[in-house]
Amino acid sequence: MAEHQTKLHVWQGVSFTGVTINDRFWLPRLKVLRQTTLPDCLSKCEETGRIKNFAKAGGLLEGHYEGKYYNDSDVYKVLEGIAYTLMSERDARLEAEADRIIGLIAAAQEEDGYLCAYFTLENPEGKWTDMEKHEMYNGGHLIEAAVAYYEATGKRELLEVACRLADHVDGVFGPGKRHWVEGHQEIELALVKLYRVTRAERYWKLALWLLEERGHGHGVGAIWDNPEWGPAYCQDDVPVREIKQVTGHAVRAMYLYTAMADIVHASGDSAYAEALHRVWSHTVERNMYITGGIGPSRHNEGFTFDYDLPNETAYCETCAAIAMVFWNHRMNLTFGDSKYADVVEREIYNGALSGISLSGYKYFYDNPLASQGGHHRVPWFETSCCPTNLARFLPSLGQYVYAITEDGLAVNQYINSEAKLVLGSGLDVGLKLRTLYPWNGRIELEVNPAAAADFSIRLRVPEWCRGYRLEASGVSISGAEALTDQGYLVLNRHWSPGDTVVLELDMPVNLVRSKPEVEADRGRVAVQRGPVVYCLEQTDHPGWSYDTFSIAAGAQFRVEHLPELLGGVTVLQSQDEDGRPLRFIPYYAWDNREPGYMQVWVREREESGLYRF
């Protein structure tokens, strides 16, 4: 295991409000999300009573609570997605609907700030008695939605609701008050967001207190009473600073680690750093699929034992892939290492994006890496955390592209975009990034500082890349001139308005072997080009049976972009050992045509010197 990097860089994130995406790959998806996914999720939340529950709790309608006790969170996530969308394109009708729902939420809030429609309507005496009942989880999603909506629109109603709820929690729990271990982490990272927009330090300190409650025997409720789960299921088995390995429910674990990284970043205290490095290595090096998926088991929606990575039964919840983005983005900002941005990239082009159909209204809850033909996206789930998580995640992509460093800026994701950044020195810098990524490795960056100045620009070299070429304002730059630091090319220069940088990443087809400890993938290879993981699908191979493919180690591939296929994809054409044609399509795009089998890991004909994932 590599030596841990404990130095805190504490880079600053760039708000989604400062980045405009104009990318050929992402813009069509964001258009579908705005026109189809968000209205679809709103409609489903209305049909299933999720929105009416707030009206009932506020005394505006008669009736009982409908659905699961955590259903409030789905409404909050859709509102957060609307906020990100409104920032990129104001939509009066969508905004009016959001404002209407916000009014219902405000009506449902009790006088002391408490807000959870299930308990208000069905069990007012049971508030804060069962730590599994998602009261703080719901509240965390409310806070995240409120911060986003305020940043996007300037409207404060939902933010004020969130502050009253946070103040209520702070009044009930904390040093000298009641103990609490939230069964599903979420509020901890949300409180740090609330601190950043209000500058009220009590919010991040409350988040820290909630983290410190774990692992001391304070947990009470359904999780702790279930002998098959126990405290490890919700990461309450050891104090967080003593965490050595990933355990339990995947989404809960990722939200916990996200909050821990947030606290290190906000406080400047490195107390959690070693635990974060340990658990990151354990997660990524032993428990992550090539797609970025995590959590192989349906039984606990999470982890089992090291290298247990089955393909057909892989759970890989969509929410867990999104949560990996949250955690790794925070790790990148805190420690300044590109390996975390590499994981973000792996998730957004594979593990997370596969969760939604090209049509925008069908979803995967779980994302296997092989299917004999029975696994398909569906329009909704009784527990619909994944559709609503996608609805808020995809329109927020702009915040992952850039970061403000100690001495300049970093480019983390190669997404065609424009940005207005303010460096730590106070200098305004405009950026224009042009690329056809992920299909093409050429990246052009136009730099427009308000005045000529010295600062650094860091360009991430992805972990899959084996070669690159770099030039600045038409002049080639050698490796000696471009310093390399933690996976970044660092250009320390005097920048003038209109300067350009061109980075060309070699993007060959890579055949990948898993580590030998992964029993499910022994004797198999996967195919990856650039950041995109590929698969075989039955519709391209009529008459072939499932898992009868094989591919030679030295197989040749023809790279072909097909703009009319699956929304425009680059496919990889090859042959099997018998000369039969093979077509590999991006994994994220499978199950968008005729139903049939799918495989990521294909039998290898012979051994070779392939690099290991």
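**Close-up views of a predicted model**

**View 1. Thr48 in the loop between helix H1 (26–47) and helix H2 (52–57)****.** Thr48 lies in the loop that runs between these two helices, where helices (H or I, at least four residues) and strands (E, at least two) are DSSP runs numbered from the N terminus. This is a predicted model, in which local features need pLDDT of at least 70 and side-chain atom pairs count only at pLDDT 80 or more, while totals for chains, interfaces and linings use all residues. Residues are numbered from 1 along each chain as its sequence is written, and side-chain values use heavy atoms, with hydrogens and water left out. Thr48 counts as partly exposed because its relative accessibility is 26% (buried means under 20% relative accessible area, exposed over 50%, and partly exposed in between, with a 1.4 Å probe and protein chains only). Neighbours within four places in sequence aside, Thr48 is in contact (heavy atoms within 4.5 Å) with Glu66 and Trp380. Thr48 and Glu66 are 18 residues apart along the chain, and their C-alpha atoms are separated by 7.2 Å.

**View 2. Helix H13 (residues 318–335) and the glycine that follows****.** Helix H13 has 18 residues and reaches 26 Å from its first C-alpha to its last, close to the 26 Å expected at 1.5 Å a residue, the expected span being 1.5 Å times one less than the number of residues. Since 18 of the 18 residues of H13 are buried, the helix is largely enclosed by the rest of the structure. Just after H13, Gly336 takes a positive phi of about 65 degrees.

View 3. Most residues other than glycine have a negative phi, and most peptide bonds are trans. The peptide bond from Tyr437 to Pro438, however, is cis, with omega near 5 degrees, and Pro438 lies in the loop between strand S7 (428–435) and strand S8 (442–449). Ser473, in the loop between strand S10 (468–472) and strand S11 (475–476), has a positive phi near 50 degrees and is partly exposed, with a relative accessible area of 37%. Asp591, which lies in the loop between strand S21 (581–586) and strand S22 (598–599), also has a positive phi, of about 65 degrees, although it is not a glycine; Asp591 is buried, with a relative accessible area of 12%.
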